Amino acid sequence: MQAPLHRLWLLPLVSSIAWFLTLLVLLITWVARGTPRYPGQANPYVAFISDIAAFELKPLFLVGSCITAFAFIGTVCAVHFARYNRRMYGIDDVWYKHWTSFVAMLSGVVAGAGLILLGVMDTFRFHEEHRILLLVCFSGLALSALCTTLVYFDQTKKPSRFRLLRLYCSASATIVLTEVGLGTCFTGLMYSGYWRIAGIFEWTMAFVGSLYMLAFVGFVAVPPEGIDARERDPLLQERGGQEW
């Protein structure tokens, strides 16, 4: 087991902490300044994240977004690398799961790039571009999360001998389902004119997103002694197109 594999858990940890702290500082700054209403703010009651980031601490948001984006891209790639690499889980999947992993990684790159560009093109100076980038970022993130959940869902159905992988896979799937529910409610509330609650839902979704990234620590946290060869026994592996 090579040393770099033992440090893969740092990627989701950095991504989660960077995003959480960025959001927390923005929210505290907005509240400390008396919850001001910014020019062009769509929500008259609760400022959206992009509204605050366009006027308050934009350099912080840009730096935080870049760190989060690069670490998230590395996280998604590490998570799918871990599933197939023989020095880690080495799970033998059917062909369509390999393609699903590829789509998850590609979508993660799109989501990361979109987040960086969102920090550059703020909602005030680049209003239309920001809306398009927001759609690109959310679409990439949603597709990446969905594909990753589908690939690892087999580890939630039966006890897994890969340390606590089953626990983290279940936690990740639960968070994804929660985000889908929050996103659906947020969209409905926003278009129904319930702006105050919609704003709360947006911030909640963003903070829960940091938990989603944090859950990946358990996917790639390799113990110093490595993964025992016996843990690679065909417990939940797919062979010949059928799952055990």
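This note walks through a predicted model in numbered points, covering its pocket, its cavities, its aromatic pairs and one threonine.

1. On reading the model: it is predicted, so local features need pLDDT of at least 70 and side-chain atom pairs count only at pLDDT 80 or more, while totals for chains, interfaces and linings use all residues. Residues are numbered from 1 along each chain as its sequence is written, and side-chain values use heavy atoms, with hydrogens and water left out.

2. The largest pocket holds about 1700 Å³ of space, and its lining is made up of 48 residues, with Leu134, Phe138, Phe186, Glu202 and Met205 lying nearest its centre. Two or more lining residues come from each of α2 (49-55), α3 (58-84), α4, α5 (127-152), α7 (165-192) and α8 (195-215), and α5 gives the largest share, 13 residues. Helices here are DSSP runs (H or I, at least four residues), numbered from the N terminus. By class the lining has 31 nonpolar, 13 polar and four charged residues, where Ala, Val, Leu, Ile, Met, Phe, Trp, Tyr, Cys and Pro count as nonpolar, Asp, Glu, Lys and Arg as charged, and the others, Gly among them, as polar.

3. A search of the whole structure also finds two cavities of 30 Å³ or more. On a 1 Å grid over the protein atoms alone, a cavity is a set of points where a 1.4 Å probe fits but cannot get out, whereas a pocket is an open set with protein on both sides within 12 Å along at least five of seven lines; lining residues have an atom within 4 Å of a point. Grid points are joined across faces, edges and corners, and a volume is the space filled by probe spheres set on the points.

4. The largest cavity has a volume of about 40 Å³, and among the residues lining it are Thr148, Tyr152, Cys169 and Phe219. The elements giving two or more residues to this lining are α5 and α7, and the lining includes no charged residues. The second largest cavity, of about 30 Å³, has a lining to which α2 gives the most, with three residues, and two of its lining residues are charged.

5. The structure holds nine aromatic pairs (rings of Phe, Tyr and Trp, the last by its six-membered ring, with centres within 6.5 Å; planes under 30 degrees apart count as stacked, over 60 as edge-to-face and the rest as tilted). Tyr38 and Phe55 are stacked, because their ring centres lie 5.5 Å apart and their planes are at 5°. This pair links distant parts of the chain, since Tyr38 is in the loop between α1 (10-32) and α2 while Phe55 is in helix α2, 17 residues apart. Tyr38 is buried at 8% relative accessible area, whereas Phe55, at 31%, is partly exposed (buried means under 20%, exposed over 50%, partly exposed in between, with a 1.4 Å probe and protein chains only).

6. Tyr212 and Phe216 form an edge-to-face pair, 4.9 Å centre to centre with 70° between the planes, and both residues are buried.

7. Thr100 lies in helix α4 (residues 95-120) and is buried, with a relative accessible area of 18%. A polar atom of its side chain lies 2.7 Å from the backbone oxygen of Tyr96. Leaving aside neighbours within four places in sequence, Thr100 is in contact with Cys147 and Val151 (contact means heavy atoms within 4.5 Å).

Key
Polar contact = N/O pair within 3.5 Å; in protein donor to acceptor, adjacent residues only side chain to side chain.
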